[in-house]
Amino acid sequence: MTEAVPSWTDERVELLRRLWDDGLSASQIALQIGGVSRNAVIGKVHRLGLSGRVKSMGTASQGRRREGLAAEVEMEVVVVEEPTLPEPPAIVAHRPAPDFPLPQKPAPEPVALAVSERVTIMDLRESMCRWPMGDPTSPDFRFCGGRAITGLPYCTQHAQIAYQPAAERKRDRRVAGFR
């Protein structure tokens, strides 16, 4: 049979408040109250809305020990001259790299397709190029309709536009300022 956990009686809550105000840690309070864990103390402190504390450089027990000293300790103040540091090197601004004109790639010449090759979605077949031509919202929107490369959805010219070698894409991205 398990042992009953002591509840938070008014006396235990008052002891918790007093110990908390004295600056004891949750672990120290749990030991003094007995029968509760550190987490139970933290939970109760939170539920009671007790103020949080800022941790000082020394622990609370060190602070109480100092207060309890009967004799005052005389402290000698020694002024230490800070060493002088060498002056940091001057920051040199670098000029930006010159912008060399990039060789212009000739724009692919538009291939004049016969009007009969431009097809609607209803006329599009598996062996035809599916390259969209024009605005899809306009009534004269069509697909290329040229002979597609086997296994690809596009004709030779549109496949060159759609599928670029990876090295060429990376170079074009660097030129455009992307990394």
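This is a predicted model: local features need pLDDT of at least 70, side-chain atom pairs count only at pLDDT 80 or more; totals for chains, interfaces and linings use all residues.
Student: How do H1 and H3 pack, in terms of angle and axis distance?
Tutor: Helix H1, residues 10-22, packs with helix H3, residues 38-48, at an angle of about 90 degrees. Their axes are 11 Å apart.

Student: Parallel or perpendicular, then?
Tutor: Roughly perpendicular. Angles of 65 to 115 degrees count as such, and H1 and H3 therefore qualify.

Student: Which residues in H1 and H3 meet?
Tutor: From H1, Val13, Leu16, Arg17 and Trp20; from H3, Val41, Lys44, Val45 and Leu48. By class, the contact of H1 with H3 has six nonpolar and two charged residues, and no polar ones.

Student: What's in the largest nonpolar core?
Tutor: It has 12 residues. Among them are Leu16, Leu19 and Trp20, along with Ile29, Ile33, Val41 and Val45. H1, H3 and helix H2, residues 26-33, each supply at least two residues of this core.

Student: Which helix gives the largest share of this core?
Tutor: H2, with four residues.

Student: Which residues are buried in H2?
Tutor: Ala26, Ile29, Ala30 and Ile33 are buried there. They cover an arc of only 100 degrees around the axis, so they sit on the same side of H2.

Student: Why would that spacing point one way?
Tutor: An α-helix has 3.6 residues a turn, so residues three or four places apart point the same way.

Student: And what do the buried residues of H2 pack against?
Tutor: Against H1 and H3.

Student: What happens just after H2?
Tutor: Gly34 comes there, with a positive phi of about 80 degrees.

Student: Where is His158, and what does it touch outside its sequence neighbourhood?
Tutor: His158 is in helix H5. Not counting residues up to four places away in sequence, His158 touches Cys129, Trp131 and Cys144.

Student: Is His158 buried or exposed?
Tutor: Buried, because its relative accessibility is 6% and the cut-off for buried is under 20%.

Student: Where does Tyr163 lie?
Tutor: In the loop between helix H5, 156-162, and helix H6, 166-176. Tyr163 counts as partly exposed, because its relative accessibility is 43%.

Student: Which residues is Tyr163 in contact with?
Tutor: Leaving aside neighbours within four places in sequence, Tyr163 is in contact with Leu152, Pro153 and Tyr154.

Key
Residues are numbered from 1 along each chain as its sequence is written. Side-chain values use heavy atoms; hydrogens and water are left out. Axes are lines fitted to C-alpha atoms, for helices over the stretch in contact, and angles run from 0 to 180 degrees between N-to-C directions. Angles under 35 degrees count as roughly parallel, over 145 as roughly antiparallel, 65 to 115 as roughly perpendicular and the rest as oblique. Contact means heavy atoms within 4.5 Å. Ala, Val, Leu, Ile, Met, Phe, Trp, Tyr, Cys and Pro count as nonpolar, Asp, Glu, Lys and Arg as charged, and the others, Gly among them, as polar. Buried means under 20% relative accessible area, exposed over 50%, partly exposed in between (1.4 Å probe, protein chains only). A nonpolar core is a set of buried Ala, Val, Leu, Ile, Met, Phe, Trp, Tyr and Cys residues joined through side-chain atoms within 4.5 Å. The arc is that of the directions from the helix axis to the C-beta atoms.
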